[in-house]
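Student: I am new to this structure and would like to go through it step by step. Could we begin with the strands and then turn to the core?

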Amino acid sequence: MQDQDAVLPDAGAERLVAGRYRLLSVLGAGGMGRVWRARDEVLQREVAVKEVRAPAELPPERVEMMYARLEREAWAAARISTTSVVTVHDVATFDERPWIVMELVRGRSLADQIDSRGFLPPGEAARIGARVLEALRAAHAAGVLHR
């Protein structure tokens, strides 16, 4: 994961996703795509936008199924209401794929914290575990099965 305010050369300042979300900088990247810090031009607020990308070797029919599943999962996640889960604001289709628009949460990732410290104190690990349990309970209460 990259520093949350790092701006890459192709940062996307000229890209407007779905006519609304202006891409500002990449927050992180992985096997399924990138997460951008973006500006919602309609509501005038910063959001996180997940750009989903299917693996290049995936056949077109599998790509379509993957994108449909991800879109369903994002809408299911939008039903979850708790401070332990990032709020999903929108699922936009752009460039023939889903883009998931979420609340922008500023801070360091758990991986960054562990990398910098080498460990978590037991009390902090217990607090994190309790928040994960809270998130799972909220998901199950909303009818969302976490895989």
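Student: How many residues of strand 6 are buried?

Tutor: In this predicted model, 6 of the 7 residues of strand 6 are buried, so the strand is mostly covered.

Student: In which sense does strand 6 pair with strand 5?

Tutor: Strand 5 and strand 6 pair in the antiparallel sense, over 6 bridges. Within this pairing, Val88 has Met102 in strand 6 as its bridge partner.

Student: What lies between strand 5 and strand 6?

Tutor: The two strands form a hairpin with 2 residues between them. Asp95 is in that turn and has a positive phi of about 55°.

Student: And how many bridges join strand 4 to strand 6?

Tutor: Strand 4 is joined to strand 6 by 5 bridges, and the two run antiparallel. Glu51 stands opposite Trp99 in strand 6, and Val49 has Val101 as its bridge partner there.

Student: Which way do strand 3 and strand 4 run?

Tutor: Strand 3, residues 33–40, runs antiparallel to strand 4, with 8 bridges joining them.

Student: Let us change topic. Which residues of helix 1 are buried?

Tutor: They are Val63, Met66, Tyr67, Leu70, Ala74 and Ala76. The cover over the buried residues of helix 1 includes strand 4, strand 5 and strand 6.

Student: What span should helix 1 have?

Tutor: Helix 1 has 18 residues, and at 1.5 Å a residue it should span 26 Å. The C-alpha atoms at its ends are 26 Å apart, so the two values agree.

Student: Now the largest nonpolar core: which members touch the most others?

Tutor: Of its 14 residues, those are Ala48, Val52, Ala54, Met66, Tyr67, Ile100 and Met102. Two or more residues each come from strand 4 (45–52), helix 1 (60–77), strand 5 (88–94) and strand 6 (97–103). Helix 1 gives the largest share, 5 residues.

Student: What does Met66 touch?

Tutor: Leaving aside residues up to four places away in sequence, Met66 touches Met32, Val52, Arg53, Ala54, Pro55 and Leu58.

Student: Which residues belong to the other core?

Tutor: Another core, of 10 residues, lies apart from the largest one, and its members include Val17, Leu23, Val26 and Trp36.

Conventions
Residues are numbered from 1 along each chain as its sequence is written. This is a predicted model: local features need pLDDT of at least 70, side-chain atom pairs count only at pLDDT 80 or more; totals for chains, interfaces and linings use all residues. Side-chain values use heavy atoms; hydrogens and water are left out. A nonpolar core is a set of buried Ala, Val, Leu, Ile, Met, Phe, Trp, Tyr and Cys residues joined through side-chain atoms within 4.5 Å. Buried means under 20% relative accessible area, exposed over 50%, partly exposed in between (1.4 Å probe, protein chains only). Helices (H or I, at least four residues) and strands (E, at least two) are DSSP runs, numbered from the N terminus. Contact means heavy atoms within 4.5 Å. Two strands pair if DSSP finds at least two bridges between them. The expected span of a helix is 1.5 Å times one less than its number of residues.
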